[in-house]
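Please look through the structure below.

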Amino acid sequence: VQLQASGGGLVQDGGSLRLSCAASGDTFSRYDVGWFRQAPGKEREFVGAITWNGGNTYYADSMKGRFTISRDNAMKSLYLQMDSLMPEDTAVYYCAARRGDFYGRRVYAEYQRYNYWGQGTEVTVSS
């Protein structure tokens, strides 16, 4: 599966932004998908993920209540709605995918478990 993230940009502190990730190639509904981010000089960080069937989501603690991940299997797309953005959310955001488990119950936060990556979209939150 190939992934392409979009929707990044410059937003003010407290603002909102919606990222999209378009998939192509293999059947999108077979894959768990997630968002990661990497700020300059920092390690890649898990943001949130959703199972192939949309039944389970999981977020990093600092994103809970502010970020919402969703997917549309018919449209082969993944989304990340980001609200109450803060300057520390500034990073390049990547979408990633892995073949889903049969039951679609467990969500993985470790980036090593994701085999397919998009090119990243840059988000800058100004103070």
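Contact here means heavy atoms within 4.5 Å. Keep in mind that this is a predicted model.

## Arg98 and its surroundings

Which residues is Arg98 in contact with, leaving aside its neighbours within four places in sequence? They are Arg30, Tyr31, Asp32, Tyr108, Arg113, Tyr114 and Asn115. Arg98 itself is found in strand E9, which covers residues 91-99.

Is Arg98 buried or exposed? Its relative accessible area is 10%. Buried means under 20%, so Arg98 counts as buried. Its side chain also reaches the backbone oxygen of Arg113, at 3.2 Å.

Cys95 forms a disulfide with Cys21, and the two sulfur atoms are 2.2 Å apart. A disulfide is a covalent bond between the sulfur atoms of two cysteines.

How many disulfides are there? The count comes to one. The link of Cys21 and Cys95 is right-handed, with 70° about the S-S bond. Both Cys21 and Cys95 are buried.

## A sheet of four strands

Strand E3 also belongs to an open sheet of four strands. The order is E1-E3-E8-E7, and the pairing is antiparallel. Strands E1 (2-6) and E7 (67-72) stand at the edges. Each has a single partner strand, so one side of each is left without a neighbour in the sheet. On average, neighbouring strands of this sheet are turned by 15° against each other, direction ignored.

Now look inside the sheet. E3 pairs with strand E8 (residues 77-82) over six bridges, in the antiparallel sense. Leu19 stands opposite Leu80 in E8. In a regular strand the side chains alternate between the two faces of the sheet.

## Strand E4 and its partners

Strand E4 spans residues 31-38. Seven of its eight residues are buried, so E4 is mostly covered. E4 pairs with E9 in the antiparallel sense, over eight bridges. Here Tyr31 stands opposite Arg99 in E9.

E4 also runs antiparallel to E5, and five bridges join them. The bridge partner of Trp35 in E5 is Gly48. E4 and E5 form a hairpin with six residues between them. Gly41, in the turn, has a positive phi of about 80°.

## Aromatic rings

How many aromatic pairs does a search of the whole structure find? The search finds six. One of them joins Phe36 and Phe46. Their ring centres are 5.5 Å apart. Why is this pair edge-to-face? The planes stand at 70°, and over 60 degrees counts as edge-to-face. Phe36 is in strand E4 and Phe46 in strand E5 (residues 45-50), ten residues apart. Both Phe36 and Phe46 are buried.

Phe36 also pairs with Trp117. This pair is tilted, at 5.1 Å centre to centre with 55° between the planes. Phe36 lies in strand E4 and Trp117 in strand E10 (residues 116-117), so the pair ties together parts 81 residues apart in sequence. Phe36 is buried, with a relative accessible area of 1%. Trp117, at 27% relative accessibility, counts as partly exposed. Ring pairs link Phe36, Phe46, Tyr58, Tyr114 and Trp117 into a cluster. Tyr114 is also among the contacts of Arg98.

Key
Residues are numbered from 1 along each chain as its sequence is written. Side-chain values use heavy atoms; hydrogens and water are left out. Helices (H or I, at least four residues) and strands (E, at least two) are DSSP runs, numbered from the N terminus. Buried means under 20% relative accessible area, exposed over 50%, partly exposed in between (1.4 Å probe, protein chains only). A polar contact is a pair of N or O atoms within 3.5 Å; within protein, one must be able to donate a hydrogen and the other to accept it, and residues adjacent in sequence count only if both atoms are side-chain atoms. A disulfide is a pair of cysteine sulfur atoms within 2.5 Å. Two strands pair if DSSP finds at least two bridges between them. Axes are lines fitted to C-alpha atoms, for helices over the stretch in contact, and angles run from 0 to 180 degrees between N-to-C directions. Rings of Phe, Tyr and Trp (its six-membered ring) pair if their centres lie within 6.5 Å; planes under 30 degrees apart count as stacked, over 60 as edge-to-face and the rest as tilted.
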